[in-house]
Amino acid sequence: MISSQTVTDVCNAIDPERLVQTAVDLIAIPSPTRSATRVADFLAKLLQDEGFAVERPVAGWSESPAVAARFASGTDGKTLQFNGHLDTVHLPFVPPRTEDGLLYGSGASDMKGGVAAMVEALRVLRETEALTAGSILLTAHDLHERPWGDGSQVNELIASGFVGDAVLLPEYLSDRLPLVGRGQASLQVEVTREGVPVHEVLGGIDQPSVIMAGAELICRLRELDTELSQLTHPLAGRESVFVGQVHAGEMFNQSPTKLELSGTRRWLPSTTMDAAREPLLQIFEEVAQTHQVQVNGQVAVSRDAYEIAQNDPLVAAFQGAHEAATGHELPVGSKPFVDDGNAFVRLGGIPAITHGPAATGAHTINEQVPVEELVRVATVYALTAISYCNS
Ligand SMILES: [Zn+2]
């Protein structure tokens, strides 16, 4: 339990103008994935100038070393980590702007607004002296957004020990407490035949057909999806294989040499990555044999599936903080997307909760986030830390 006096102190200490200014400063420095150097340098200097202990772990990406800042209460206790990514998707740059209580610009929703909120939480924990035990580790990094990044910088941060006992990640999810997240891999399949494109009546009709092979491939994937739909989780729904794109052929009476197909495979924590991949590879091989074509199928794992225990101390601390900040707990649920939280749980064994502002327009040029949501996230983060680090 957090005392009502502490809640009041934290709420009073949060400075919305300072929080928004930090967000505006971060957004104003363009940082498409693989180019987060300048914004990381800015954040490191800002935290250092404010008196926090800052390190710059390279974490496998010397182009843009990560930022790690620590604040310790001085008394033994747990470490709560706040982790965010500083890179944004590769879309035209939108400069920061606030209007009618909304913050706009590249990364406002995903996730520089959230990073500014976690910086504000860090400041408030120091100013109020409300963190009576344990410490905070704030980390920020590049290489999050796919397909330009591969998540390797946060993987390296985890591998090199830049982790707390639990972690909060301010992605734009605010209506549930995600206890479970499905794993996800992208499918990239190329079906090819020997030779060159040829007119249907000049031998084309006698060639192995990449289109017929593709058609069978799609049917087989649908059958697999029907099987996978039997694998369910009460919070996370079902496993799936999904085809989102298929392309072949140049014109109506020519035999083509290539078909391309792409989609996703999503799986539950009870399935291993290898088990998720294996039936796909088998289908590729069988279709190749039947149709005398080559099937080159890549199943590229983004993140593995994970689940955290409902009785984990992080969950109780978070729910108490959320109730203190908003008057209610969040319903438990699943995370619809994959994010770095999957990596903290699966690679580091560290409980992770993704929770951020109710923001819109992620991965578009219309990102916007209510300032009051950023204030709410900063409050929830600070209160969760006070409760968790002491537990
Ligand atoms: Zn994000």
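Which domains does the domain assignment give for the protein chain? The answer is domain 1 (4-181 + 305-389) and domain 2 (183-303), with bounds that come from an automatic or database domain assignment. What you're looking at is a predicted model: local features need pLDDT of at least 70, side-chain atom pairs count only at pLDDT 80 or more, and totals for chains, interfaces and linings use all residues. Residue numbers start from 1 along each chain, as its sequence is written.

**View 1. The whole protein chain.**
Here's the overall picture: the C-alpha trace spans about 85 × 40 × 40 Å along its principal axes. The protein chain has 10 helices and 20 strands, where helices (H or I, at least four residues) and strands (E, at least two) are DSSP runs numbered from the N terminus. Of the 391 residues, 48% are buried. Buried is a neighbour count: 20 or more other C-beta atoms within 10 Å of the residue's own, against 12 or fewer for exposed and partly exposed in between, with C-beta atoms placed from the backbone. Among contacts with a separation of 6 or more, 79% link residues 24 or more positions apart; a contact here has C-beta atoms, placed from the backbone, within 7 Å.

**View 2. Where domain 1 touches domain 2.**
The C-alpha centres of the two domains lie 38 Å apart. At the meeting point, 12 residues of domain 1 are in contact with 12 residues of domain 2. On the domain 1 side, strand E8 (177-181), strand E17 (306-307), strand E18 (332-335) and helix H9 (340-348) each supply at least two residues. E18 gives the largest share of that side, three residues. Sorted by class, the domain 1 side has seven nonpolar, three polar and two charged residues. For the classes, Ala, Val, Leu, Ile, Met, Phe, Trp, Tyr, Cys and Pro count as nonpolar, Asp, Glu, Lys and Arg as charged, and the others, Gly among them, as polar.

**View 3. The six-stranded sheet.**
This open sheet runs E1-E2-E6-E3-E7-E19, with mixed pairing; strands pair if DSSP finds at least two bridges between them. Strand E1 (53-55) and strand E19 (352-354) are the edge strands, each with a single partner, so one side of each has no neighbour in the sheet. From one strand to the next, the twist averages 20°. Zoom in on strand E3 (residues 79-85) and strand E7 (residues 166-169), and you'll find a parallel pair joined by three bridges. Phe 82 stands opposite Leu 168 in E7.

Helix H4 lies across strand E2 (67-72), E3 and strand E6 (135-141), at about 150° to E3. H9 lies across E3, E7 and E19, and runs at about 170° to E19. The axes behind these angles are lines fitted to C-alpha atoms, for helices over the stretch in contact, and angles run from 0 to 180 degrees between N-to-C directions.

**View 4. The three-stranded sheet.**
E4-E5-E20 is the order in this open sheet, and the pairing is antiparallel. Strand E4 (97-99) and strand E20 (368-370) sit at the edges with a single partner strand each, so one side of each is left without a neighbour in the sheet. Neighbouring strands here are turned by 25° against each other on average, direction ignored. E4 and strand E5 (residues 102-104) share three bridges, and Arg 97 has Tyr 104 in E5 as its bridge partner. Helix H4 (residues 108-128) lies across E5 and E20, at about 40° to E20.

View 5. Val 243 stands opposite Gly 263 in E15.

A cis peptide bond joins Asp 110 and Met 111, with omega about -10°, and Met 111 is found in helix H4. Another cis peptide bond joins Arg 146 and Pro 147, with omega about 10°; Pro 147 is in the loop between E6 and helix H5 (152-159). Ala 59, in the loop between E1 and E2, has a positive phi near 50° and counts as buried, with 24 C-beta neighbours inside 10 Å. His 363, in the loop between E19 and E20, has a positive phi near 65°, but is exposed, with 11 other C-beta atoms within 10 Å.

How values were computed:
Contact = placed C-beta atoms within 7 Å.
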